Amino acid sequence: MSPVPDTIAPSRTVSCRAVYGWCLVLVCLEWFYYRLGQQPLRQIGDLPNVISVLELIEIAVIVRLIGHGRRDTPFQAGETAFTLAAMAVCVLVLRQIPLAAALALAILAAWRLRKRPSCRASPFALLAFIAQFVLLGWPFLALHNVVGLLDAAIVRTVLQVAGQEVSGYGTYILRPADNIGFDVMWGCATSTTLVQNLMAYAIIAVGFGGPLRRSDRAAFLIVIGATFALNWLRLILICASKEGYLVWHEGTGASFLAAFYAVLILVLAYCRTRPGQMQPSA
């Protein structure tokens, strides 16, 4: 007579990657909702104006950072219920404040998974991804406008040296002969693009080659220098003529510049993965 097999108790645990996956989806939905509020999607062809290629790459890297080979301690039933309840509260209570729910969810994920190595890197990268958009909004607008003062002064000086009749004050660049003016603030300020480029490099570099190292300081300096130089050039071309405004403010020139930043960041992140660049982390 064969022995009766032992009854296996049903599992009361949930994979930490599954719980984090739910949180990641909610964060991405909240972020997409925020982006649609900034730039309405009237047709599918407008999608590149809502979400940049660099942002898609960052999200792909965040997903890639979720460990596949390791197994961490799963969430117990009570821990899972608490985490899901906290997610629901974040979405229901904070949704009316732009990015508040996404930021709270990212903080929650980073805190709950801080002791689980297979998932730890991804939520911290997700937190950095959301933080960059927080840094672009209130109450940091004043800081971007300060940088806009520097941008406007540089552009006015270059155009005046080039022989153009340009005047202005503060963040304003005026062309009296054409009865037109430009205001270099927030979205046009170099700091707006700089924040996004620096965060993008940090996220993609970690996704490609592990934790940031001392050698990454050179890459950060390259990103900073290229962003300032290219944005100043873009502003000069915008303010130099009507054609320049149409091309570099809302035309193919702006799209080309965004693509160049993406390629630059990808190249720098790839270069750090070469054997000669692998050094101990800072």
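Trainee: Why is Leu99 called buried?

Mentor: Its relative accessible area is 8%. Buried means under 20%, exposed over 50%, partly exposed in between, with a 1.4 Å probe and protein chains only. So Leu99 counts as buried. This is a predicted model: local features need pLDDT of at least 70, side-chain atom pairs need 80 or more, and totals for chains, interfaces and linings use all residues. Residues are numbered from 1 along each chain as its sequence is written, and side-chain values use heavy atoms, without hydrogens or water.

Trainee: Where is Leu99 found?

Mentor: In the loop between α4 (77-94) and α5 (100-112). Helices are DSSP runs of H or I, at least four residues, and strands are runs of E, at least two, numbered from the N terminus. The phi of Leu99 is positive, near 70°, and Leu99 is not a glycine.

Trainee: Why does Thr83 count as buried?

Mentor: Thr83 has 3% relative accessibility, so it falls in the buried class. Thr83 is found in helix α4. Leaving aside neighbours within four places in sequence, Thr83 is in contact (heavy atoms within 4.5 Å) with Val19, Phe75, Leu108 and Arg112.

Trainee: What lies 2.8 Å from a polar atom of the Thr83 side chain?

Mentor: The backbone oxygen of Glu79.

Trainee: How do you know that the span of helix α8 agrees with its length in residues?

Mentor: The expected span is 1.5 Å times one less than the number of residues. For the 20 residues of α8 (190-209) that gives 28 Å, and the end C-alpha atoms are 28 Å apart, so the two agree.

Trainee: What makes α8 mostly covered?

Mentor: Of its 20 residues, 15 are buried. Gly210 follows α8, with a positive phi near 85°.

How values were computed:
A polar contact is a pair of N or O atoms within 3.5 Å; within protein, one must be able to donate a hydrogen and the other to accept it, and residues adjacent in sequence count only if both atoms are side-chain atoms.
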